[in-house]
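This report goes through one protein model, from its overall make-up to selected residues. Please keep the sequence and the structure in view while reading.

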Amino acid sequence: MDSLHLQDTVNNNTSNNDPENTLGHLGTIINVGTSSLIVAVNSDQIEARHLAKSCRIGSVIKVPVEECHIYGTVQTVQTNMENLSQILLTVDLLGELSNSGFSRGVRHFPMPGSQVHAANDADLDASFAPQHEGTIKIGTVFPSENTPGGLNAETLLSRHFAVLGSTGTGKSSTVALLMHRLTDISPAAHIIILDPHNEYERAFLDTGVHLSTENFSLPYWLMNFEEHIELLIGSNTEGRESDIDILKRCLFGARKRSAPSLSLSRFTVDTPIPYKLTELVQIIDDEMGKLDKAEDLSPFFRLKNKIEELRSDQRFAFMFSGLLVQDTLADTVAKFMRFPTNGRPVTTLDLSGVPIEIVDVVVSLLSRVIFDFAMWSQKHSSTNPILLVCEEAHRYVPNARFDGNGRIQAARKSLERIAKEGRKYGVSLGLVSQRPSDLSEAVLSQCGTILSMRMNNEQDRAFVENAMPEGTSSLLSALPTLQNRECIVAGEGVGCPIRLQLDFLEEHLRPASNDPSFLDSWRQDIDCPEELVKDTILRWRKGVR
């Protein structure tokens with residue numbers, strides 16, 4: 001919006017020629033606070049339909065102050081008991097619109113006695129609908145049905161974001177909407193979605209590549225030492241320190257045998273060099289056979305047994321299959337990070353087939369490889385930023401109060417590193433969760449933009465309120481009453497906190513996250529119950545979904 005248009009908006013929004021502004025004077029300020037106003041409205045002097053539209057919770061008002069207009073949203077509405085024809089509005093201040101544009105926060109406070117006006121569509125457009133390049137439209141601003149609600153895509157990505165809300169409120173559809181809007185303006189994006197329930201494949205059939213344990217191999221040797229510990233030793237093993245010390249010596253030796261030409265000064269136990277499991281087992285046997293070793297032999301046997309268990313279990317075949325070990329790091333990175341994109345900028349990684357014992361390690365490995373690749377490619381002329389979207393994020397980056405409960409920590413550390421340092425290297429993080437209070441505060445606090453959908457749990461609401469970049473009490477108080485496809489957006493990605501009615505997404509572009517219908521399914525019996533039971537048990541035993 002150019003400066004001439006802004007000046008016209010500031011000067012002329014109260015014009016009587018505007019059908020949306022026939023109200024003119026709405027009320028008078030009787031109290032001014034640092035973040036809110038109290039406005040007195042004489043209800044008997046205003047037409048009923050205008051009163052209902054302009055004085056309801058969530059409505060936007062404006063106050064002329066010097067060379068600008070102050071904007072706010074109605075938080076509470078009550079009758080003045082001393083004057084029953086008068087309505088008192090509590091208004092949360094949002095920001096001010098001047099010739100230089102809209103800015104959040106208020107510097108020019110009005111005085112008691114100042115006139116208050118109802119904001120019209122032109123005001124809402126000027127305040128909430130920036131039209132600069134890189135804005136993605138995802139809905140319309142409440143209570144208007146015409147004002148587009150947009151996010152600054154560059155800021156959204158560079159400062160991380162979170163989509164939060166109770167089950168069934170439309171989080172997955174919101175994520176799909178965001179991804180479709182981003183790829184519309186950036187067809188060569190690099191977006192990776194960690195999908196624990198295989199919901200997103202359908203949403204990106206035309207613009208994405210779907211990877212699962214059936215068509216994607218993740219080499220075990222890509223794990224760093226901490227991930228090896230989580231997989232081969234675990235969290236609460238008795239004598240764990242002795243096991244870790246033995247594993248470190250043996251793993252370093254196995255990697256070193258596979259890369260004898262590397263300089264020792266630049267080689268560590270974490271270096272992603274392919275090694276053979278047979279070599280690792282052989283080195284463990286060699287260590288056991290040394291006469292000068294005083295350790296108990298049980299840690300050696302535990303490691304060998306765990307390795308053999310992983311190699312023989314078909315559920316882990318996507319990591320431990322094949323007799324030959326090849327350096328497939330380049331192919332693996334290029335495949336799931338989309339280099340090149342070839343018109344399909346989205347990768348959906350189906351984690352539903354990954355055994356529960358190893359899923360945290362897989363998430364840790366994938367997120368760490370993304371970060372490490374971005375870091376080491378930083379000075380390359382062809383480097384490209386990457387967006388990692390983590391569904392059910394509370395499973396992988398739990399709140400600190402879960403420490404010491406035997407939970408896997410490798411995934412949490414990898415994702416916390418992206419949250420804290422990722423933007424320096426072009427890695428953006430998108431968190432999706434139905435239980436924000438279970439999320440790591442260190443990670444959520446790094447999200448510059450938060451999209452909050454309906455939340456019924458008081459603890460979750462309080463957690464979100466603390467994480468919001470600015471105070472938005474009037475909007476956050478509406479969290480329990482939001483409808484599906486409604487959300488409150490606050491943070492760096494928007495000019496000021498807004499409540500949005502999200503755009504409708506066509507069926508084929510939405511995730512396959514609809515819940516089964518009990519009543520429809522129960523109206524008639526199953527056609528082939530024996531086949532259903534046999535097929536299900538077969539897939540169950542094979543571990544293939």
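Helices (H or I, at least four residues) and strands (E, at least two) are DSSP runs, numbered from the N terminus. On that basis the protein has 18 helices and 18 strands. The model is predicted, and local features need pLDDT of at least 70, side-chain atom pairs count only at pLDDT 80 or more, and totals for chains, interfaces and linings use all residues. Residues are numbered from 1 along each chain as its sequence is written, and side-chain values use heavy atoms, with hydrogens and water left out.

**Overall**

Of the 545 residues, 50% are buried (buried means under 20% relative accessible area, exposed over 50%, partly exposed in between; 1.4 Å probe, protein chains only). The protein exposes about 26,500 Å², and carbon and sulfur atoms supply 50% of this area; the areas come from the Shrake-Rupley method with a 1.4 Å probe, and for residues only the protein chains shown count as cover. A contact is a case of heavy atoms within 4.5 Å. Among contacts between residues at least 6 apart in sequence, 69% join residues at least 24 apart.

**Cores**

A nonpolar core is a set of buried Ala, Val, Leu, Ile, Met, Phe, Trp, Tyr and Cys residues joined through side-chain atoms within 4.5 Å. The largest one has 85 residues, and Leu218, Met319, Phe336 and Val362 have the most contacts inside it. Helix α12 (residues 359–376) gives the most to this core, with ten residues. Another core, of 42 residues, lies apart from it and includes Leu97, Ala203, Val432 and Leu500. In soluble globular proteins, nonpolar side chains tend to be buried together.

Leaving aside neighbours within four places in sequence, Phe336 is in contact with residues including Leu211, Phe216, Leu366 and Ile370. Thr347 is also a contact of Phe336.

Thr347 belongs to strand β13 (residues 346–350), and Ser367 belongs to helix α12. Thr347 has a relative accessible area of 0% and is therefore buried. Ser367, at 0% relative accessibility, is buried too. Each side chain makes a polar contact (a pair of N or O atoms within 3.5 Å; within protein, one must be able to donate a hydrogen and the other to accept it, and residues adjacent in sequence count only if both atoms are side-chain atoms).

| Side chain | Backbone oxygen reached | Distance |
|---|---|---|
| Thr347 | Phe336 | 3.0 Å |
| Ser367 | Ser364 | 3.1 Å |

Not counting residues up to four places away in sequence, Thr347 touches, among others, Ile191, Ile193, Val209 and Arg338. With its neighbours within four places left aside, Ser367 is in contact with Leu388, Ser414, Leu415 and Ile418. Ser367 and Glu416 are 49 residues apart in sequence, with 10.0 Å between their C-alpha atoms.

**Backbone details**

Phe339 and Pro340 are joined by a cis peptide bond, with omega about 0°. Pro340 lies in the loop between α11 (329–337) and β13. Asn342 lies in the loop between α11 and β13, and has a positive phi of about 55° although it is not a glycine. Asn342 is exposed, because its relative accessible area is 63%.

Asn198 also has a positive phi of about 55° without being a glycine. Asn198 sits in the loop between β11 (191–195) and β12 (208–211). With a relative accessible area of 29%, Asn198 is partly exposed.
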